[in-house]
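Please look over the sequence and the three-dimensional model shown below before reading the report.

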Amino acid sequence: MTSSASSSVIDAPAREDPAVPVTGMSELWLAILRELEPKLQRSQFITWFRDTALLTREGATIVIGLPIPMALDWHLQNYRNTTLDAARICDSTIENVVYKVDGTLKDNRERAVDILEHFPEKKRRKLPGKQEVKMAEGIVSKILNPKYTLENFVVGSHSRLANAACQAVAGAPGGKYNPLFIYGDVGLGKTHLLQATGNAILRHMPRAAVVYTTTEDFTNQVVEAIRSQKMDQLRRRYRSVDVLIIDDVQFLANKERTQEEFFHTFNSLYEERKQIILSADRPPQELQLEDRLTSRFERGMIADVSVPDYETRLAIISEKAKEYEMFIDPAVLQFIAQHVTRNVRELEGILMQAFALYELEQRMPTVKSIAEIMRKLNKDPYEEEESVGFQVQTRRAPTFQDVLESVSRYYSVSVNDMLGASRVREILVPRQIAMFVGKAYLRMSFVRIGEIFSGRDHTTVMNAVTKIETKMQDDPQLLREVRAIEQELGLGR
Ligand code: ADP
Ligand code: MG
């Protein structure tokens, strides 16, 4: 075994001895965390720095303890430099940061920093609720939800035309694209586009009377006006708006009186070159409305939104994750985008569930937990998502025998050779990896692992595990190999 400067640090105590003193270390670590916190998104900070500790310091090197193996590559890939910078601010003599996975740190209030206590959340983020707003003329419009913008609408080939039309209308309401008619199946972004266009218009014309309403609300208003004999008033009010946005006009079908009122409102707005934006779940000619209304709808611009392709779905879900300030493993996002194909709302629904899991239980979404969520949401397990449900239900936790076999397959060495006495490199490394996986994931003791490997001493196992942990930090190839094995075993992410 070669021994490098950092591995001699790593070989120092800590893992097996929860009583290692941390006085001084914890102060320094807190100071470093205070530097780090403002630089990271809160959710990332909480996720990756909870239950961490500064284990030891040897000369210019500090050893950071991480509670779970999965955190190791995130830290190496994403936080090592930032952490080093922060550490240097606190103590300019620090020159190196190394990591060590230490399972005993998990929820260990004695040794690991209680991140939620030291860094309490300042304010809870609130998603805006849907409310109504009274306009000057007495018209009720739903508040345009500020979360819908043209900027955060992800454009793909499924929505290129619709998006371009909305952009054009936002830039010049009442211009060539009047009315603008967007159609497509449920959950594909129609409401988003409509409200985003309204928001965009209001941004550069803050005084414009932009009214957004659903067909259902519009119908209710007509019914109420008829009942209270205030139809004239309603007409006047609607005719004074600058931009009228009506969502889901397929619900006008079979409502003759509402259709008639709408027809007149439409005409007067149209003549005054006021912008009208409509959505429906199908194109105008299939709406089964009065012909005169259908032909009005067909006068302007008609654009559809269809089902987004894989790349667009992935882009959408990544955008949403960003909006919710949720850091999710890209592999998990890919998994969701692959399996939720039918509509974007479902895509978002899965993400929201993952978000809840994350907020309430501080659990990182994994492919496995997402697959479980999908299986729960999926009423018919034999439908589309069959393979997902199947995989989750039948996958049992791996045994050490599975670990041995997996490693043996990966490196093409026999299990017997790994268990045996040979010290050639080709066998030594797989053996050490198997030991590492057994310790890190199966939580086996060093003694037990030693027994399996032909009665090796527990210190031998300990050295092997440490060696792999250390080498993974500097050897991306080894890191990939270990991750591949973990993945095959369904461990880690
Ligand atoms: P529809 O009105 O067509 O039923 P919505 O506009 O309500 O669908 O969309 C459902 C959800 O999916 C919304 O939260 C919306 O923000 C989101 N969404 C749909 N398409 C996109 C897209 N291309 N980019 C970003 N978000 C989208
Ligand atoms: Mg809608």
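## Basis and confidence

This is a predicted model, in which local features need pLDDT of at least 70 and side-chain atom pairs count only at pLDDT 80 or more, while totals for chains, interfaces and linings use all residues. Residues are numbered from 1 along each chain as its sequence is written, chains are lettered from A and ligands numbered from 1 in the order in which they are written, and side-chain values use heavy atoms, with hydrogens and water left out.

The average pLDDT of the chain is 84, and 87% of the residues score at least 70; pLDDT is the predictor's confidence in each residue, from 0 to 100. Below 50 in pLDDT is the stretch 124-131, which has 13 contacts in the model beyond near neighbours in sequence, a contact being heavy atoms within 4.5 Å. Residues 379-394 also have a pLDDT below 50, with 19 such contacts.

## Surroundings of ligand 1

Ligand 1 is surrounded by 18 residues, and the closest are Val154, Gly187, Thr191, His192 and Glu348; a residue counts if one of its heavy atoms lies within 4 Å of the ligand. At least two residues of this shell come from each of α7 (190-204), α12 (310-323) and α14 (344-361), helices here being DSSP runs of H or I with at least four residues, numbered from the N terminus.

Oxygen atoms of ligand 1 lie 2.4 Å from a polar side-chain atom of Glu348, 2.8 Å from a polar side-chain atom of Thr191 and 3.2 Å from a backbone N or O atom of Leu188. The protein buries 96% of the 560 Å² that ligand 1 exposes when taken alone, with accessible areas from the Shrake-Rupley method with a 1.4 Å probe.

## Two backbone features

The peptide bond from Asn178 to Pro179 is cis, with omega near -5°. Asp51, although not a glycine, has a positive phi of about 55°.

Key: Polar contact = N/O pair within 3.5 Å; in protein donor to acceptor, adjacent residues only side chain to side chain.
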